[in-house]
Amino acid sequence: MIPEYVSLTEEEVRLIREKLGREPNLVEWGMFDVMWSEHISYKSSKPLIKLLPTKADYVIVGPGQDAGVIDIGDGYAIVLKIESHNHPSAIDPYNGAATGVGGIIRDILAMGGKPIALLDSLRFGPPTDPHCVWLLKNVVRGIADYGNCIGVPTVAGEVEFDESFRVNCLVNVGCVGLARKDHIIPSRFIDEGDLIIVVGGSTGRDGIRGASFASKTLGPESESDRPAVQVGDPFTEKLLIDAMVEAIEKGYIKAAKDLGGGGLTCAVTEMAADGDKGVEIEISNLHLREEGMTPYEIMLSESQERMLISIHPKNLENVKRIFEKYDLPYAILGKVTNTGRVIVKFHGEVVADLPAKLVAKAPVIERKARKPEYIDELRKIEKPEQPDDLSDTILRLLSSPNIASKAWVYTQYDHEVGVRTVVKPGQGDAAVLRIHEIEKAVGITIDGNSKHTYLDPYNGAAGSLAEACRNLVAVGAKPLAFVDEANFGNPEKPEIFWQFSQAFHGLSMMAKGLNIPCVGGKVSFYNEDETTGTSVKPTMVIAAVGIIETYNWIRTMDLKEPGNLIGIVGVTKGDMGGSEYYYWIHKIVGGEPPKADPYLEKSSMNFVLEGIKRGYIVSAHDISHGGFATAICEMAVKGNKGVIIDLEKIPHEKGLRLDEILFSESYARFLVEIRRDSVKDLIKLAREKSAIFGLIGRVTSEKNVVMHYGEKKIVLNLRDARDSLENGLKKHLRGV
Amino acid sequence: MNLRVAVLKFPGSNCDLDVVHVLRNVIGIHAELVWHKEFTSNDWDAVILPGGFSYGDYLRAGIIAAHSPAMKHVKEMAKEGKPVLGICNGFQILVEAGLLPGSLLPNNTLTFICKWVNIRTETNRTAFTRKIKPGTVLKIPIAHKEGRYYIDEKELRELEENDQIVFRYCDENGNLSEDANPNGSIGNIAGVTNLEGNVVGLMPHPERASEKILSPYGTEDGKLLFLSMVETLRRGAL
């Protein structure tokens, strides 16, 4: 008989019975249930994920393992991973967010990397809603308390506010690790006879079937799902990091995997299936937190701070010595076999005996896709009137919580520990971490754009990747690779699946065009509020890394020197749909959003990167949320310098209104500060790289931003601009 | 003379390797990471207790480490007059162990704060400030949740009389003000010393401010503390 909690479809149940040739027992149903859940099996998304390019000569490990690994030369590699903890964070924001950090750290360790940086991408409802502020505060506190304690700096992130995230907030976390190339290990079993060990925290009843919980929508009864949210223990995680790094450096560990979603079930079956091996484990050996746990509970527990490793038996004493040094509990569960079967015993009795590959590879579900009606309706809305007072409009836009400084968030994170953070939060478009071992640096960023993606999932997702790459280029980094977190609603609805399908087609188009491989990703479905039936705005969050070959190329966005010139790269168009200007000033969600063009992106990026390398460009800033006006004010405020700009010199489409020139969010654009004596060379370089480039003004020692447009003149006091940027978000969070 | 400096690692310390990096690669002296179970006083000329969350900061920041066996050896070194430095969590441990006066309470913001601040050097009579002229303003980052220095009025007067206040939070010109005080510390105190001047604790992180590339201001002020320590060890007693 099938237990009532099993959420497998009738067809899946039939298939399991047929392939197995018998009725699974309770433990086995539980194992199938979790492994064939959407969250772990990717059964809806697999065919679309496969569209993404994954290869480059520097990709060491691509998608499918615990994390991606890329070669940065001189014997070192970067490990990259992204995850979501949306559902747990919506129910219990503090623990949900904290355990999201814990899980991703262990994915980096599982590849043989040492975690060196965390990123977070957060989305909430408006900060005027107390529930949203409660979520924001506790998510940030959860990330801070966990990340700070384990000594991994949180160096970059983004926060977006939008009505669609009121109930179902998005909490995406990225992690970057550093590994010596000769220490990289796989997350699959290697040799028959290797010992299987679980190390770290004890196993309790928390988080049982968490992966199944993440595979349904949030409804009124979700509060009662609270036991499906795990509780974090960063101190144990820190010991686990230190012990794992030591054992990896000594070469004792052959393979490793995080015990995350799906717990022990997922770890042993996936490692066996991927390695073409089997396992035989005795789960009564495991250190348990509570008495009387059943084999079902042990196999499905998602207790945190645990990892599964396999070692050669000769290294057992060495590994034990390291774990005992850190007072870290461990249990020897069994060994790797060549049977291809996962055999689980409990006090000597076999409680599960299944073919690893059958459990690990759920059949793909073909979902129907249908274009939602809202798209054409919203995109053809009429243009709003241009406001009379554009100076005031700019100041109001700067104070939008989506644009204003996120210092309230990032000052709560230790972003300096590890002595690597060269470009810190708020200084540049991406964080820069030095890899002093080889005197290079890496740029790291995390970006998404729900408003563009909602109106046009294809171009929005493509634009999100392009923006991430532009952010890397702006700090002097050459983009190398990315990972993606797809946050969508219920894929069983054809309209949602259409968004998802479009987004992956767009992302794939841009990745191929920019020639940048995807080395991993996650999919989070069912992000919707069941009571109202509304989904979150679809959001493709991209975490990307780039390489900076020498420290001299590192750039920040603050204006450096009066007398230097200001240039704009790329062409400004009237594609105002989904812009922050429409959203915040006119309260409009609609219009035609920007189109993503990899050819334009590439020429802009190549030009800026080369201009930085040659020393012509001394500051750079990507133009995105809030458009040109926002970007120039940010550069001026950060550098505490003034500017004088001739807006008519901005290369733009014919027939644009002034507000469109100021606030358009067209892609493939940068603002750059140029050394006066380099101007001729830079213009020549623009021609060589076929980049669209306009000289539009200069840096002044006055404390204001002055913009001319024919007869019209817009003047902003630097102090007012700073006040808007610094208080726009903070003012909503006081005294709460 | 071969100096031997220990960086004492407790379970949960997380700035240990950063301090070792600066001592070895920036200052150029022999420094070793020593696990708390293996730490003895005789092997070392000086010891640094790095930042982090020793024992997860469970109970209260620094208190469990303060009562661990390794601290007996730290106390011996302190008694012998050897330089002992506590940074951030290391400062919390030294205070909890009674090697330094006062206590460290949760920040008045009630949040963790990570940012660059200015501190004014109040005395050069300690093992870690002898190369810094009193009044010198250092640019240095803080990163803590429990860094609000507190001591009662009477003891505060004693600290002042005995020249035991080492650093105070200030503005970039060295003026003490409430705005320049990030966590509500009494008297803007960021660091203190014992009567003898060989034990120093501070909340800011000198190891994060010892290389120009890491400073938003292109400064390397944190180096001065470590160079002072080297000077103290080379020249003998204070």
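## Contact between chains A and B

In this predicted model, the contact between the two chains draws on 26 residues of chain A and 24 residues of chain B. On the side of chain B that touches chain A, three elements each supply at least two residues: helix H1 (16-27), strand E6 (113-121) and strand E7 (137-144). The element of chain B that gives the most to this side is E6(B), with three residues.

Sorted by class, the side of chain B that touches chain A comprises 14 nonpolar residues, six polar residues and four charged residues.

## Strand E15 of chain A and its burial

Strand E15 of chain A spans residues 431-435 and is mostly covered, with four of its five residues buried.

E15(A) pairs with strand E14 of chain A (residues 421-423), to which it is joined by two bridges in an antiparallel arrangement. Within this pairing, Val423(A) has Val432(A) of E15(A) as its bridge partner.

E15(A) is also joined to strand E16 of chain A (residues 440-447), here by five bridges, and these strands likewise run antiparallel. Val432(A) takes part in this pairing too, its bridge partner in E16(A) being Gly443(A).

## The hairpin turn

E15(A) and E16(A) together form a hairpin, with four residues lying between the two strands. In the turn, Glu439(A) adopts a positive phi of about 50°.

Conventions:
Residues numbered from 1 in each chain as written. Chains lettered and ligands numbered in written order. Predicted model: local features only at pLDDT ≥ 70, side-chain atom pairs only at ≥ 80, totals over all residues. Buried ≥ 20, exposed ≤ 12 C-beta atoms within 10 Å, placed from the backbone. Pairing = 2+ DSSP bridges. Contact = placed C-beta atoms within 7 Å. Nonpolar A, V, L, I, M, F, W, Y, C, P; charged D, E, K, R; others polar.
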